[in-house]
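Subject: Handing over the structure

Dear colleague,

I am passing on the structure we spoke about, and I would be glad if you kept it open beside this message while you read.

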Amino acid sequence: MSMEGLRERKKRAMRQQLSDTAAQMFLERGYDAVRVADVAEACGVSEKTVFNYFPSKEALVLDRLEPTADALRTHLADPAIPPVAAMLKVLDDELQGISASLTTAEAVTRYRQFGDLIHETPSLRAYQSDVAERFADVAAEVLASRFGLEPGDPEPQVAAAALLGLWKIQFRALRTHLRPERPVQDAVDAAAGDVERAARLIEAGLATLPSRAKQVTKAG
């Protein structure tokens with residue numbers, strides 16, 4: 001293994017340790033009762049080191065959301081896949097990744113507690129909304145490029161908002177359906193079913209996006 005590869009692995013391990021430690025401390029003590037300095041001390045590093053990995057305290061909790069932006073760029077840009085189907089692929093990959101980690105009743109309880117923490121903490125809800133807005137901006141840019149429009153045009157803007165609405169529905173649906181006494185796969189299937197029901201409502205409208213883009217191009 002190269003030295004660069006070793007450094008990157010150590011950085012990933014430290015990032016994971018900081019995030020896991022922060023999440024555990026927040027769940028045990030409450031989000032507002034824990035300082036970034038407390039997380040740093042628990043991990044044996046400086047507060048500056050924490051901020052080298054995470055731009056804010058909120059990011060310590062919600063760092064796992066960021067890879068979704070890369071997935072949006074990859075799947076929504078594929079001209080062979082309709083936008084709704086592409087978004088469902090992004091969400092299904094995310095859902096399967098979450099379900100793979102929920103191997104025990106304790107893990108399910110922890111996940112629900114994590115969702116409660118976000119729901120009950122205004123700054124975390126605000127940060128999650130900001131992340132969703134960034135995702136919508138990414139989606140609008142990709143869709144605009146795909147269909148020959150500008151990111152600020154109405155079509156990619158409303159399409160992106162609708163698609164990211166599915167992401168919010170999945171987050172809420174999984175939190176609703178997951179119970180320690182319920183098989184995880186049943187809960188995952190129920191959450192996916194909720195997302196698919198919502199997707200059907202917007203599929204017909206978004207299917208007209210290419211033709212609208214052509215009309216705008218011709219008009220220009």
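What follows is an account of one serine and of several salt bridges.

Please keep in mind throughout that this is a predicted model.

Let me begin with S56, which sits in the loop between α3 (47-53) and α4 (57-62). Is S56 buried or exposed? Its relative accessible area is 17%, and because the limit for calling a residue buried is under 20%, S56 counts as buried. The side chain of S56 reaches the backbone nitrogen of A59, at a distance of 3.2 Å.

I turn now to the salt bridges. How many salt bridges does the structure hold? There are six, and I describe some of them here, including the one between R35 and D38, whose closest N and O atoms are 2.8 Å apart.

Another of the salt bridges joins R73 with D70, and here the closest N and O atoms are 3.2 Å apart. Where do these two residues stand relative to each other along their helix? Both belong to helix α5 (residues 67-76), and because they are three residues apart in that helix, about one helical turn separates R73 and D70. As for their accessibility, R73 counts as partly exposed at 41%, and D70 likewise counts as partly exposed, at 48%.

A further salt bridge is formed where the side chains of R197 and D194 meet, with 4.0 Å from N to O. R197 and D194 lie in helix α10 (residues 184-206), where they are three residues apart, which is about one turn of the helix. In this pair R197 is exposed, its relative accessible area being 56%, while D194 is partly exposed, with a relative accessible area of 24%.

When you go through the structure yourself, you might start with the serine and then take the pairs in the order given above.

Notes:
Residues are numbered from 1 along each chain as its sequence is written. This is a predicted model: local features need pLDDT of at least 70, side-chain atom pairs count only at pLDDT 80 or more; totals for chains, interfaces and linings use all residues. Side-chain values use heavy atoms; hydrogens and water are left out. Helices (H or I, at least four residues) and strands (E, at least two) are DSSP runs, numbered from the N terminus. Buried means under 20% relative accessible area, exposed over 50%, partly exposed in between (1.4 Å probe, protein chains only). A polar contact is a pair of N or O atoms within 3.5 Å; within protein, one must be able to donate a hydrogen and the other to accept it, and residues adjacent in sequence count only if both atoms are side-chain atoms.
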